[in-house]
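Take a look at the sequence and the fold below. The text then walks through a few of the features.

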Amino acid sequence: MRRLPRPRLTGLGGGLFACVAMTLVAGLAWLLFDGSLFVYGLLFVPVAAATALWVRPADLVTAPIAVPIAFAVGVWPICGDSGGFGAQVMGLVSALSLHAGWLYGGTLVAALIAVVRKAVLIGRRRLPRRAS
């Protein structure tokens, strides 16, 4: 655990990190796997976990909120065809509904990590009070 970088991202920084990372993942999925949403969803879970791990303790609540937004931002370029704005929106809605399992799973991972981190922080604060 010591090899991981310390959490330093603000809430906004965590959201931007997740959005940029998911956009890069979408580009990777588009180039290497022909826009596979399965690969995109599979890579979403580690990005969600990294976001929840790298957000500073004061902004832990933002991690489970920013991660689904990042999923939608990243899936936009690979979900639809070039039939215009309406086709893009319908592709986005279809991708979000058909791959909701990945979306919920990554959000759940981020929420669990945030809850565990918050519980550990609260436990560390109460520990010196019990000792004295």
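**Aromatic rings and a helix pair**

Trp76 is partly exposed, at 32% relative accessible area (buried means under 20%, exposed over 50%, partly exposed in between, with a 1.4 Å probe and protein chains only). This is a predicted model, where local features need pLDDT of at least 70, side-chain atom pairs count only at pLDDT 80 or more, and totals for chains, interfaces and linings use all residues. Residues are numbered from 1 along each chain as its sequence is written, and side-chain values use heavy atoms, leaving out hydrogens and water.

The structure holds five aromatic pairs. Rings of Phe, Tyr and Trp (its six-membered ring) pair if their centres lie within 6.5 Å; planes under 30 degrees apart are stacked, over 60 edge-to-face, the rest tilted. Trp76 and Phe85 have ring centres 6.5 Å apart and planes at 50 degrees, so this pair is tilted. Phe85 is exposed, with 64% relative accessibility. Elsewhere, ring pairs join Tyr40, Phe44 and Phe71 into a cluster.

Phe71 also takes part in a helix contact, on the H3 side. Helices are DSSP runs (H or I, at least four residues), numbered from the N terminus. The axes of H1 (residues 11-33) and H3 (residues 63-79) come within 8 Å and cross at roughly 30 degrees. That makes H1 roughly parallel to H3 (angles under 35 degrees). From H1, the contact (heavy atoms within 4.5 Å) includes Gly15, Met22 and Trp30. From H3, Ala66, Gly74 and Ile78 are among the residues involved. The contact residues divide into ten nonpolar, three polar and no charged; Gly counts as polar here, Trp and Cys as nonpolar.

Note on methods. Axes are lines fitted to C-alpha atoms, for helices over the stretch in contact, and angles run from 0 to 180 degrees between N-to-C directions. Helices (H or I, at least four residues) and strands (E, at least two) are DSSP runs, numbered from the N terminus. Angles under 35 degrees count as roughly parallel, over 145 as roughly antiparallel, 65 to 115 as roughly perpendicular and the rest as oblique.
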